[in-house]
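We will go stop by stop.

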Amino acid sequence: MGAVATAGASLRPRWHWPQINWRRAHRNVHRLQIRIVQAEQEGKRRKVRALHHLLTRSWSGRAVAVKRVTTNRGKRTPGVDHVTWDTPEQKAHAVADLQHQSGRALPLRRIAMPKSNGGTRDLGIPTRRDRARQALHWLALEPVAETRADPNSYGFRAGRSTADAMGQCYCVLSHTTSAPWVLEGDIKACCDEISHAWLLANIPMETALLRQWLQAGYVAEDQWYPTAMGTPPGGIISPALAHLTLDGLERV
């Protein structure tokens, strides 16, 4: 069966991973994302949440989410359960499993990644299932984050890069009347210090699921540690959460 179901349809009983019509799946997701943007621009927050629910329960959304976590750079890095989805059958089962939003999030697997300056950066690896669930909800949160985003933010933005930031710098600094200085600032441990209470009160998604991701903790050297604040390091959804937290900073 080559065709996928429509954006809001339930899982079909028989289908094969290699035969999924990805063009149609992405089109279905994009169509719902456009509706989310329109609802956000009109200030219809309840409609935004309803469309979020629709997208994250859709067949197309689930398939696209599983595809992302099985094709990105960390596709072979397992979480604390040591599970990977390598075969078409496992990927198909994962899409079906995402239809059920039950089940608690497992702790992150904490690993140290080397940095260019010789130091290390702690990275949390979610289980493949939690990674796919985050990717699924990211599909619905990204349109909101992009709609609310400050005009001149560039990090982790869709369709934006360092070159765009450099171009903007040139535009504002190349005139004879331009300011002769640049102010550089840094928010120390930004993502590590974000308030869980603020995120739970302001992020437009299911509060119970978001609370699980935020408070799942992490495992390092076979020891579990709690997380009282901050977003999951290495989580697919973390950039969207950071964007939504920092929105409005440019105006201030």
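Which residue in E3 is the bridge partner of Leu108? Select Leu108 and look across to E3: the partner is Tyr218. Keep in mind throughout that this is a predicted model.

**Stop 1: the sheet**

Now show the strands. Four of them form an open sheet, in the order E2-E1-E3-E4, with mixed pairing. Look at the edges next. Strand E2 (120–125) and strand E4 (223–225) each have a single partner strand, so one side of each has no neighbour in the sheet. From one strand to the next, the twist averages 40°.

Strands of a sheet pair through backbone hydrogen bonds, and they may run parallel or antiparallel. Both kinds can be found here. Select strand E1, residues 108–114. E1 and E2 run antiparallel and are joined by six bridges. E1 and E3 run parallel, with two bridges between them.

**Stop 2: the hairpin**

Stay with E1 and E2. They form a hairpin, with five residues between them. Pick Gly118 in the turn: its phi is positive, at about 95°. Then step along the paired strands. Pro114 has Thr120 in E2 as its bridge partner. Met113 is partnered by Arg121 of E2.

**Stop 3: around Tyr218**

Return to Tyr218 and show its side chain. Is Tyr218 buried or exposed? Its relative accessible area is 17%, so Tyr218 counts as buried, the cut-off being under 20%. Tyr225 is partly exposed, at 34% relative accessible area.

**Stop 4: a loop residue**

Where is Glu221 found? Select the loop between strand E3 (218–220) and E4, and you have it. Glu221 is exposed, with 81% relative accessibility. From here, jump to Trp22. Glu221 and Trp22 are 199 residues apart in sequence and 40 Å apart in space, C-alpha to C-alpha.

**Stop 5: the tryptophan pair**

How many aromatic pairs does a search of the whole structure find? It finds two. Now show Trp17 beside Trp22. Their ring centres are 5.2 Å apart and their planes stand at 70°, so this pair is edge-to-face. Trp17 is buried, at 10% relative accessible area. Trp22 also counts as buried, at 17%.

**Stop 6: helix H4**

Select helix H4, residues 88–97. Colour Lys91, Ala92, Ala94 and Val95, which are buried. Then look down the helix axis. The buried residues fall within an arc of 155°, so they line one face of H4. Turn to the other side of H4, where Glu89 and His93 are exposed. What covers the buried residues? Helix H3 (59–71) is included in that cover.

**Stop 7: Arg68 and Trp138**

Arg68 lies over the face of Trp138, 4.4 Å from the ring centre.

Technical notes
Residues numbered from 1 in each chain as written. Predicted model: local features only at pLDDT ≥ 70, side-chain atom pairs only at ≥ 80, totals over all residues. Heavy atoms only, no water. Pairing = 2+ DSSP bridges. Helix = DSSP H or I, 4+ residues; strand = E, 2+ residues; numbered from the N terminus. Axes fitted to C-alpha atoms, helices over the stretch in contact; angles between N-to-C directions. Buried < 20%, exposed > 50% of the residue type's maximum accessible area, 1.4 Å probe, protein only. Arc of directions from axis to C-beta. Contact = heavy atoms within 4.5 Å. Phe/Tyr/Trp six-rings, centres within 6.5 Å; stacked < 30°, edge-to-face > 60°. Lys NZ or Arg CZ within 6 Å of the ring centre and 35° of its normal.
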